[in-house]
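Reader: I've got a chain to go through with you. Can you show it, then take my questions as they come?

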Amino acid sequence: DFKVLKEKVNKVVDELDHCDLNEHPAFQDRNPSSEHIATFLFEQLAQVLNTDLSVLYSVEVRETDTSGVIYYGA
């Protein structure tokens, strides 16, 4: 159900939206680069999206139209 999926994803993404990422607890020991943001999002989303029927495959974070990162998990 895409409505449920959207709600779960937005809950995680909203935690970073409009906040000073340098002040966020997840980035106290690492800088909030695109790579680290993608890792954080993947880890958080995997907790709420992984089930017996589905597994999070990747997270993409874009800085611009031509630069970004795709994280596939560890």
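Author: Terms first: helices (H or I, at least four residues) and strands (E, at least two) are DSSP runs, numbered from the N terminus. In that order, the elements of the protein chain run α-α-β-β. This is a predicted model, where local features need pLDDT of at least 70, side-chain atom pairs count only at pLDDT 80 or more, and totals for chains, interfaces and linings use all residues. Residues are numbered from 1 along each chain as its sequence is written, and side-chain values use heavy atoms, with hydrogens and water left out.

Reader: What are the rough dimensions of the box filled by the C-alpha atoms?

Author: Roughly 35 × 25 × 25 Å, taken along the principal axes.

Reader: And what share of the residues counts as buried?

Author: 27% of the 74 residues. Buried means under 20% relative accessible area, exposed over 50%, and partly exposed in between (1.4 Å probe, protein chains only).

Reader: Which residues have the most contacts inside the largest nonpolar core?

Author: Leu41, Leu45, Leu56, Val59 and Val61, in a core of 16 residues. Such a core is a set of buried Ala, Val, Leu, Ile, Met, Phe, Trp, Tyr and Cys residues joined through side-chain atoms within 4.5 Å. Two elements give two or more residues to this core: α2 (34–49) and β1 (59–62). The largest share, eight residues, comes from α2.

Reader: Take leucine 45. Buried or exposed?

Author: Leucine 45 is buried, because its relative accessible area is 7%. Leucine 45 sits in helix α2.

Reader: What does leucine 45 touch?

Author: Lys8, Val9, Val12, Asn50, Leu56 and Val59, leaving out residues up to four places away in sequence. Contact here means heavy atoms within 4.5 Å.

Reader: Now the strands. How do β1 and β2 run?

Author: Antiparallel, with four bridges joining them. Two strands pair if DSSP finds at least two bridges between them. A hairpin of five residues links β1 to β2.

Reader: Which residue in β2 is the bridge partner of valine 59?

Author: Tyrosine 71.

Reader: How many salt bridges are there?

Author: The rule is a side-chain nitrogen of Lys or Arg within 4 Å of a carboxyl oxygen of Asp or Glu. By that rule the count is one. Glutamate 60 and arginine 62 form it through their side chains, at 3.3 Å, N to O. Glutamate 60 is partly exposed, because its relative accessibility is 48%. Arginine 62 is partly exposed too, at 42%.

Reader: Last topic, the surface. Which residues form a nonpolar patch?

Author: Tyr57, Ile70 and Tyr72, with about 370 Å² of accessible area together. Patches are made of residues with over 30% relative accessible area and no salt bridge: like charges are joined within 9 Å, nonpolar side chains (Val, Leu, Ile, Met, Phe, Trp, Tyr) within 5 Å. Areas come from the Shrake-Rupley method with a 1.4 Å probe, and for residues only the protein chains shown count as cover.

Reader: Where is isoleucine 70?

Author: In strand β2 (residues 68–71). Isoleucine 70 is partly exposed, with a relative accessible area of 40%.
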